[in-house]
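Here are my notes on the model, as numbered points. Please read them with the coordinates open.

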Amino acid sequence: MEMWFAFVVALLKVIIIAHVVLITVSYLVYFERKISAWAQNRIGPNRVGPAGLLQPFADVLKLLLKEDIVPTNANKKIHTLAPILALFVAMGTFAVIPIGPSITLFGIVNPFVVADVNIGILYVLALTSIGVYAITFAGWSSGSKYSLIGGVRSSAQMISYEISMGFSIAGVLLFAGSLSPQMIVESQSGLMWNALLQPIGFITFVVAAFAETNRLPFDLPEAEPELVGGFHTEYSSMKFAGFFLAEYANMIIASSLIVTLYLGGWQVPFLEKLGLSEGVNAAIQVGSFFVKMGVLLFFFIWVRWSLPRFRYDQLMDLGWKVMFPLSLLNVVWAAVLAMWIK
Amino acid sequence: MAEKKRLKDLTLWEKMYVPEVVKGLKSTMKQMFQPRFTMEYPEVKFEPVGSYRGRPVLVMEAGGEERCVACGLCSRVCPALAIEVQAGETDREKERYPEKFEINMLRCIFCGLCEEVCPEEAIVMSKDYELTFSNREDAIYGKDKLLKPITELQDRIDFLRSNK
Amino acid sequence: MGKLTIDGREVEFRQGQTIIEAATDSGIDIPHFCWHPSLSVSGNCRVCLVEIEKMPKLAIACATVAAEGMVVHTKSDKALSARNAVMEFILINHPLDCPICDEAGECKLQDYAYNHSTGEGRFTEEKQHKDKRVELGPYVMFDAERCISCSRCIRFCDEVAQETELTFVKRGDRVTITTFPGKQLDNPYSLNVTDICPVGALTNRDFRFKSRVWDMSSTQSVCSGCSRGCNIDIWVRKNEILRLTPRHNEQVNSYWMCDHGRLDTFKEVNSESRIIAPMLRRDGTLMQANWSEAVAHITSEFKAFSSDEIGVIGSAHATLEDNYLLAKFAKEILKTKNVAMPSHIKHGTADKILITEDKSPNALGAKLMGITSENFAVIMHAIETGKIKALYVMEEDLVALDHKFEAILAKLDFLVVHSVVKNATTALANVVLPAASYAEKNGTWVNINGMAQRIRPAVATQELDRSLDGMSLSRLDKFGTNFDRWGQVNKIDARPSWSFITMLFNSFGHKLKFKMAEEVFHDVAKHVKEFHGLDYDVMGNQGAKISLVAEKV
């Protein structure tokens, strides 16, 4: 009986999270367009629905109705696999992101996370690494030089930045003493946010996150002026939509990871001093998670419409000569700090 | 290869990059609160000024006759080969007139060379920018669509004369 | 041979030549309006003023006889300022008509105003007004305002056409050209005045306002009007012939051609009654078919007749290549001796200038290919008596020659006709084949004096592609695409007769591999001694005299 109940709850969580992510992704696209419009003194989409709010659905409908084109020289199986893989990785990572504290419901303790895995951070790193395969596959299987260059650039870029990302996380782990995201969040109670304790690690992680999600100023894999569309040049219809959704889902993951690792996750500083009931507390905390995430998403978009793209050599320079030493420095700093505090 | 020197070396502050990024972010943020320039097109229409180069039209004199004498210079100068003229003879004082005058609006690139070369000020660029057709044949504008009364074109003609 | 110096270059001259003639022979251009190499010197335009050392004043190059050791400057300051002044004078009363003037684009005055004028006039008064639309004759329109009074047209009528019809009247800036009372500009060569007129004063009424010259392509060809074979340019726009103009060839027609050749010969090519595809008679009516059906049908039908029952009619309107293969076909495949062609001689129609009695362009050529007109009456008689039952006619309208032939041809069991247009003979035929007209194929014509001259395709057919087949291109042809509206117009499915006969050869099991008229001509040059050593390059654009002496030996 309890097993069944746990299963149903888990299924419900999966369904809810999947929908939340997908809808957030759709509206992220909408906000991307809106914010770019504002930054350029334009209005942005305003035709479909009130203030253009139904625009995402129109976009999806359009993509659905488009012809699915597979180039003659493409390796069809891998060409089809790539977008599926990309989307799978993007959605799968969400399983371990805690978006609220555990609450007791019907006598069972329910963590606000699909799977409270004790090595959640490793899981995240593993999945994002698989994400590189999706892009590399797409680039190689298209049988087009633009795609291939996009794919190669992407893998090189991701490998380079994963290193500094990993070291940045190492700093966090030293503090939390656990690989479980939930524990990491809990370790940042009060104002003990990692962002404040290890600002260098925070900055290197954020920059690496930009690079990992292929967002400007690091969007070399799909640099339009030089590579047409990069790895997804030869994709159309829903396969293209797969990459498109994955890109935005990755943004959400990156934001929620930053929130989890550096900005105290769902924690609201000094909330417990207000003495509210458990339910209200949980609601505020979940809300705070989404607010933090939203601010970061806005930051992602804001950066995109402010900064120009890096050159490839500059990208590598930054990754290896700046980010890597800095993140190492942060590990040392975090170790010293951890020893001093504890 | 000798290393190229920059015009101006970056200062340490600039080399740190992050402050410059913040500057850029500040600039875009400021723009987000500036007034918008977008015109909501089908409801609000852009009213072009005299210097605007919309679709080329033929000037129709007050008497309902075209000014064009079918000299064919516009057709000769047209870089897109969009204009086709067939001359004919009339009893009017200018004995030559265009029996057929067609502009393929799919080919037209709105460069205005036809207007510039015209010795009779007979073809001018109008303010009309709304061009839609549902097939290729409709895109070929004949005299019926090209002739426009001179009163509607006064702006452009004034502009041309003041900039001779 | 003497020597003079023009602009620092030593130039040879023959005794009695003027400076402008010596200069022209050496490729030096001295501007001129009234001077024409084939007309007498009038010296009234003054634009050829040049500076000659040791002469007190400037002299006109067209009337000054060249002398040994003369030093002429055409570009000295004095000469240039004189030329500019003359241009300014001429332009005083010339209206700014270029946009409506047909001459624009090939106008001497336009060119010289661009090259030899300062571009500014000081004349601010009202220009002289004169009549702008005077019908000087049935073909020529005169615009008095544009006339610069060079008198070329008057001299042409007097000296070349030998009919004194035009003259100047009035004086000063009121001077104008008119016909003598009771006369019209109506000689058989009247339209040449529109070619030599340096401005747009005299225009061709047939061509008036049809097209700007820069929109047309011009192709070097030969007139089909008579056996003189005047050299012409065929002017084509949108695959339609708009006018013919004479092309200079001193050995044939000098600078001239007759009005008949200019106006009447090309209408057939543009005609509405062109045959657009092969036709076979089925159940009494002619039905459209394709080329291979026509070949198969002719092959099987001819096999049913013995060689004595077959007649073959060649044509002096067709090319040398067509007649050569037709004669070869008759000899080697049909094995018949009933080969002839009708004569187009109309006695008493020749004049002393260009027009000849023979109204076909290639009678001599066809004769050299073994097709003569002597046998023609015999063959027609044989048809009448029923001895000949099948007839192959190439590019001849027999019924038009003589109406009694209609009844005779009706007796035939089988009649094949190559023809450019539908006519009374094709109406009787069992198989009608659309023949490419003279403006749609390569070929050779031999004129009355034995000049072998090339004709070239000016109009594209379905199997001829303008750019791929090396035809001359207008600006639109060059820069447009095949998908433009002017690219694919008026193309009919006609083929040259020689090409169809080649198909027949192959259908009869005799392999011939001619793909171009040039290859057929190489065969002719190999087998017919008059044409030894000739090919298309040797004939070029001025033709080549064939060795007629060999025929007599």
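1. Helices here are DSSP runs of H or I with at least four residues, and strands are runs of E with at least two, numbered from the N terminus. On that count, chain A has twelve helices and two strands. The model is a predicted one.

2. The order of elements in chain A is worth a look. Starting at the N terminus, it reads α-α-α-β-β-α-α-α-α-α-α-α-α-α.

3. Burial and contact range in chain A come next. Of its 342 residues, 44% count as buried. Take the contacts in chain A between residues at least 6 apart in sequence: 77% of them join residues at least 24 apart.

4. Chains A and B touch. Ten residues of chain B and ten residues of chain A take part in the contact. On the chain B side, four are nonpolar, five polar and one charged.

5. Chains B and C also touch. This contact takes 13 residues from chain B and eleven residues from chain C. The chain C side has six nonpolar residues, one polar and four charged.

6. Chain C is assigned three stretches as domains. Domain 1 covers 2–92, domain 2 covers 98–106 + 123–209, and domain 3 covers 279–552. Over C-alpha atoms, the centres of domain 1 and domain 3 of chain C are 50 Å apart.

7. Helix 11 of chain C spans residues 376–384. Which of its residues are buried? Phe376(C), Ile379(C), Met380(C) and Ile383(C) are. These four lie on the same side of helix 11 of chain C, because they cover an arc of only 100° around the axis. An α-helix has 3.6 residues a turn, so residues three or four places apart point the same way. On the other side of helix 11 of chain C, Ala377(C) and His381(C) are exposed.

8. What covers the buried residues of helix 11 of chain C? The cover includes strand 16 (310–313), strand 17 (339–340), strand 18 (390–394) and helix 13 (405–410) of chain C. After helix 11 of chain C comes Gly386(C), with a positive phi near 85°.

Conventions. Residues numbered from 1 in each chain as written. Chains lettered and ligands numbered in written order. Predicted model: local features only at pLDDT ≥ 70, side-chain atom pairs only at ≥ 80, totals over all residues. Contact = placed C-beta atoms within 7 Å. Nonpolar A, V, L, I, M, F, W, Y, C, P; charged D, E, K, R; others polar. Buried ≥ 20, exposed ≤ 12 C-beta atoms within 10 Å, placed from the backbone. Arc of directions from axis to C-beta. Domains from an automatic or database assignment.
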